Amino acid sequence: MIPEPDSGPGPIEVVAGASPGGTSGIVITPGERVADPWAEGHHPPAIGPWKLAARRLRRNYLAQAFLVLFLLLVVVCLLAPLYASDIAHIGPNANNITGTVNVGGKMVDVVSPDGVPVGPTFGSHYFFGADSNGRDLAVRLLYGGRTSLLIGAVATVIIIVFGTLAGLLSGYFRGVADMLLRPLMELIWSFPVVILGVALGTALALGGIGPVKGNSLFIPAVIIGVVYIPYLGKPIRGEVLRLREQDFVDAARVQGMGPWRIMLSEILPNLSSMITVFVPMMLAYSILLEAYLSFLGAGVQAPNASWGTLISDGLNYIQTTPTFSLIPGAMLVLTVLSINVVGDGVRDALDPRAQVRVRT
Amino acid sequence: MKRLIMPLAVTGAVVVALGACSSSSSSSSGSSPASTGAASGGTITIAAGTAPLSADQGLDFTTQGQELYSVINTPLLTFKRGVQGVAGTQIVPALAQSLPTMSNGGKTYTFTLRPNLHYSDGTAIKASDVTYALERDIKIPWQAASFVSAYVAGGTAYADGKATTISGITTNDATGTITVNLVAPFAPIVDIFALPGTAPVPPNTPMKNLAGTGTIGDGPYKWGAITAGQSYTLVKNSKFDVPGLPRGHADTIVYKVNSNVLADAEQVLNNQADVFDPGDTLPASVLPQVKAQATGRYQAIPTNSTFYFWFGLTQKPFNNLNARQAVIAALDDRALSRLDSGFLSEDCHLIPPGIDGHSSPSSCPYHDPNGAPNMTVAKQLMQKSGMIGQPVTVYGEDRAPRRQYLDYFTSVLNSLGFKATEKVINSGVYFTTIGAPSLKPQVGWGDWVQDFPNPWDFMQLFAGNAGSSLNYGYVNDAHYNSTLNTLYQSDPKTVANQWSALDQYAVTNAYYAAYGHEEFPKFYSDKLNFNAGVLSVEYQTDMTSLELK
């Protein structure tokens, strides 16, 4: 439950930074004099923080442009099977080492007898060229994008769910829960992310996790999720420690609410804007970490492709055909950039201290 | 990584056999690179993709290790130096005054040490040091320890801790005589005494793996600074003086390890390193550049090696003959050659062309290795096998082009209807992983580079000896085993046809899907005298032949 502002006692003139009764969600440029909305019986239409954030986001054209770009990348990657079956006519893992392809009216080897794969044809087959196994790089690029986005999304869900849970339990209960969860988060936090990810990825790629095989995409998603849980859990814990001392939480206790209900119905809603800001940030981090791990061979396992594996595979040809690495690299950069810009937009929109003039 | 790790560790089973034996070494023609004799001294850097498992020849039996130990640890015999190609497989005396005398129906070999031999620290070499080195090999253990423990009398008892010494070896330090008694005639024993792992070590050498320091050696070079896994420095041994063996030209040789083989190749191309380690594959992406810019310092040299996939015969689906045959019929050896930058000559047989008993690729039963795969036959065999839909885990290494072989092979299995997934293992532990008795893998990749020029060296890979760490598929065929045990007693030249028939028998029974024999790249910097350098089929780069211009 978000604390409601006190009702205004009468006509006054307010100056920015002194809105009556605490947080109203309306932010006024410092120094600006505005009419008291409660004066002379004039009550502005009620506006919630989410609606206000949406309004702010709608005015952030840069964030909107990058949101469109991100959605476009997602849609293109989701259409990978269609591209593979109807245009390229080859699956992402199908080897075609001794095949040929038409380039400028001439049939050439997909992979030459001394092992050099064909470069970009910019045609329906091998648009971005082939890898050493004669696989269509354009097809693998799209499938690799699906893999990267999927792992990023699953990892983000893991981070949000378990990070929030850990922060809530640790911050609200304190005591034993805090004694257990806080050091655990500190321990994970203290490891360099990539090194911890590589260590876990290498170990789990061999043995898997229980019934999940080592080459499952679930493995890197879980690893990334676990590694980043403290990055959300710790700030959530800090915020919960603050919120649990607030009057509205005391009031809820007085009314006889149990700790779980207080956490879910009183504290969690107050964390929603914080969590919302973390979602794009964690998604971007997760996609990047997946790329690092796959690049180092500890993420997505062969023959599956991700942008990280494609960059790594392309390095062998960096001097002769740099596009093999540059194109998946560019896709990765565009995706992460778009998520970050959208994320910044969301943060600005949700930030009650943002310096944005709002007309009511 | 292309490093052909060849942990020979044959295992086991003591072979009972009869008959005379003789040296298996073959002498054949080869070029003798010419040293200008002008340049001595200086430092030469070898850019290698993989490190040896250890600097201790008493543990390691990888090709990387052999390359290094061949100039650090000189055994009783050695393979002929200074000649390139198969001529380098001829066995000549090293610490021994001459080739051993054979007696007792091929069961006893007698060596005599040359006088006044010294280790690099000045200690005199004694005949009993050979016994100590072999005992150390068994205790550490050397990856090829079973060569000694299984065939030398008393070797098994020593390995099992039932004896304090190897009773089959007797020595006389005063006369320098070393007598080796075998449990049965075993022709390759002469080759084994030419392996650096059997070289003597001082008796105060610890009975443990000296991975970071190596042992005190007796070769033309001795160990300098070692950073295990990263760099190995060899410096000239001024005390080396064995008649007939080269002393080397460079003062210092640095064996620098960088798993990025492309970077290694570029360093040599740009004269930042001097030798591209021949055990690595020159990446296809840099090959055109090498051929164009490095004419006169690059050459592909045929070696005795075989690349293959093995099948796990004790479990589904490859306990089924039709399933195995289907896979072989569907394999495109030309594709695998392209993955190896074109360095493979396609063939379905295990015994390579440079070894007695090699069969022509034209006799391959399921498809022409130089032609397209026979998918029609493959799919019929799959239907017949009833193994469609069976899950398969395919094992392979993580380094190029081996991971690419794995990707290709997995895609072939999936095209036949198996549900194949890959298990990529780090190159450094691949063979020990798949050879672990607890694993029993279904199918995977393997390679073999000759240890010595004898078909037995290749065919023993599929010997059904209990506990073999090389027979990854657990092939155990009574006819195969008994034929192998009979043939190794004879000079391979005299029974070449029978070796060939055994290879053909195994191919027909689809015990392995061999797909080619590799050429190794001899690729030097501009600073080296290319014509003087030797790429030995035994030791890869013969470091004693390297000289600066």
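**Exercise 1.** In this predicted model, work out the strand order of the open four-stranded sheet in chain B, and say why β4 and β6 of chain B each have one side without a neighbour.

*Solution.* Start with the order: the open sheet of chain B reads β4-β5-β7-β6, and the pairing is antiparallel. Now look at the ends. β4 (101-103) and β6 (169-172) of chain B sit at the edges with a single partner strand each, so one side of each has no neighbour in the sheet.

**Exercise 2.** Zoom in on β5 and β7 of chain B: how many bridges join them, and which residue partners Thr110(B)?

*Solution.* Take β5 (residues 108-112) and β7 (residues 177-181) of chain B; the two run antiparallel, joined by five bridges. Then pick out Thr110(B): across in β7(B), its bridge partner is Thr179(B).

**Exercise 3.** Find which strands helix α2 of chain B lies across.

*Solution.* Follow residues 128-139 of chain B, which make up α2; this helix lies across β6 and β7 of chain B. Its angle to β6(B) comes out at about 150°.

**Exercise 4.** Describe what chain B brings to its contact with chain A.

*Solution.* Count first: 26 residues come from chain B and 22 residues from chain A. Next, sort chain B's side by element: α7 (287-293), α9 (333-339), α11 (402-415) and β16 (419-425) each supply at least two residues. The largest share, seven residues, belongs to α11(B). Last, sort by class: chain B's side has eleven nonpolar, eight charged and seven polar residues.

Key:
Residues are numbered from 1 along each chain as its sequence is written. Chains are lettered from A and ligands numbered from 1 in the order in which they are written. This is a predicted model: local features need pLDDT of at least 70, side-chain atom pairs count only at pLDDT 80 or more; totals for chains, interfaces and linings use all residues. Two residues are in contact if their C-beta atoms, placed from the backbone, lie within 7 Å. Ala, Val, Leu, Ile, Met, Phe, Trp, Tyr, Cys and Pro count as nonpolar, Asp, Glu, Lys and Arg as charged, and the others, Gly among them, as polar. Two strands pair if DSSP finds at least two bridges between them. Axes are lines fitted to C-alpha atoms, for helices over the stretch in contact, and angles run from 0 to 180 degrees between N-to-C directions.
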